[in-house]
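Please read them with the structure open.

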Amino acid sequence: MDSRKTQATPIFLPMTTRIAIDCLNCGHATSVPEERLPDFGLEPKSSLVTLSKRLVCRECGSKAVRTFRYVEDEDGPPLVPQ
Ligand SMILES: [Zn+2]
């Protein structure tokens with residue numbers, strides 16, 4: 001018997017993938033859950049490039065926005081804006 005051979009049980013925690021949106025012009029930042037993308041007429045797995053082309057900053061009207069995905073982990077440390 002090989003006692004070192006342990007089987008890890010994968011545990012899937014409920015996590016939400018969110019998309020952070022930062023305006024490069026005025027610094028306005030927001031985020032949307034990935035599952036809300038259909039609200040913008042996009043597929044849930046749309047590329048961020050596609051998303052970025054659709055976005056206009058609500059504050060200043062700039063199209064220079066940066067987007068990135070992150071996983072919202074309620075047990076982890078909160079994300080701190082730099
Ligand atoms: Zn802006």
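1. S1 and S2 are paired antiparallel, with five bridges between them. Two strands are taken to pair if DSSP finds at least two bridges between them. Within this pairing, Ile 21 has Thr 30 of S2 as its bridge partner, and Ala 20 lies opposite Ser 31 in S2. The hairpin formed by S1 and S2 has five residues between the strands, and Gly 27 in this hairpin adopts a positive phi near 85 degrees.

2. On the basis of these notes: this is a predicted model, in which local features need pLDDT of at least 70, side-chain atom pairs count only at pLDDT 80 or more, and totals for chains, interfaces and linings use all residues. Residue numbers start from 1 along each chain as its sequence is written.

3. The three strands make an open sheet with antiparallel pairing, in the order S2-S1-S3. Strand S2 (29-33) and strand S3 (65-72) are at the edges with a single partner strand each, so one side of each has no neighbour in the sheet. From one strand to the next the twist averages 25 degrees; axes for such angles are lines fitted to C-alpha atoms, for helices over the stretch in contact, and angles run from 0 to 180 degrees between N-to-C directions.

4. Strand S1 (residues 16-23) also pairs with S3, again in the antiparallel sense, over eight bridges. Thr 16 is opposite Glu 72 in S3, and Thr 17 has Val 71 of S3 as its bridge partner.

5. How much of the chain counts as buried? The figure is 6% of the 82 residues. A residue is buried if 20 or more other C-beta atoms lie within 10 Å of its own, exposed if 12 or fewer, and partly exposed in between, with C-beta atoms placed from the backbone.

6. Ile 19, Ile 21, Cys 23, Cys 57 and Val 65 make up the largest nonpolar core, which has five residues. S1 gives the most to this core, namely three residues. A nonpolar core here is a set of buried Ala, Val, Leu, Ile, Met, Phe, Trp, Tyr and Cys residues joined through C-beta atoms within 7 Å. In soluble globular proteins, nonpolar side chains tend to be buried together.

7. Ile 19, in strand S1, counts as buried because 20 C-beta neighbours lie inside 10 Å. Not counting residues up to four places away in sequence, Ile 19 touches Ser 31, Val 32, Glu 34, Leu 51, Thr 67 and Arg 69; two residues are in contact if their C-beta atoms, placed from the backbone, lie within 7 Å. Ile 19 and Glu 34 are 15 residues apart along the chain, with 6.2 Å between their C-alpha atoms.

8. Is Cys 26 in a strand or in a loop? Cys 26 belongs to the loop between S1 and S2, and is partly exposed, with 14 other C-beta atoms within 10 Å. Cys 26 and Cys 57 are 31 residues apart in sequence, and their C-alpha atoms are 8.6 Å apart. Cys 57 in turn touches Cys 23, Asn 25, Cys 26, His 28, Ser 62 and Val 65, with residues up to four places away in sequence left out.

9. Leu 55 sits in the loop between helix H1 (48-54) and S3. This residue counts as partly exposed, with 19 C-beta neighbours inside 10 Å. Leaving aside neighbours within four places in sequence, Leu 55 is in contact with Ile 21 and Val 65. The C-alpha atoms of Leu 55 and Cys 23 are separated by 9.6 Å, at 32 residues apart along the chain.

10. For the chain as a whole, 55% of the contacts with a separation of 6 or more are between residues 24 or more positions apart.

Methods. Helices (H or I, at least four residues) and strands (E, at least two) are DSSP runs, numbered from the N terminus.
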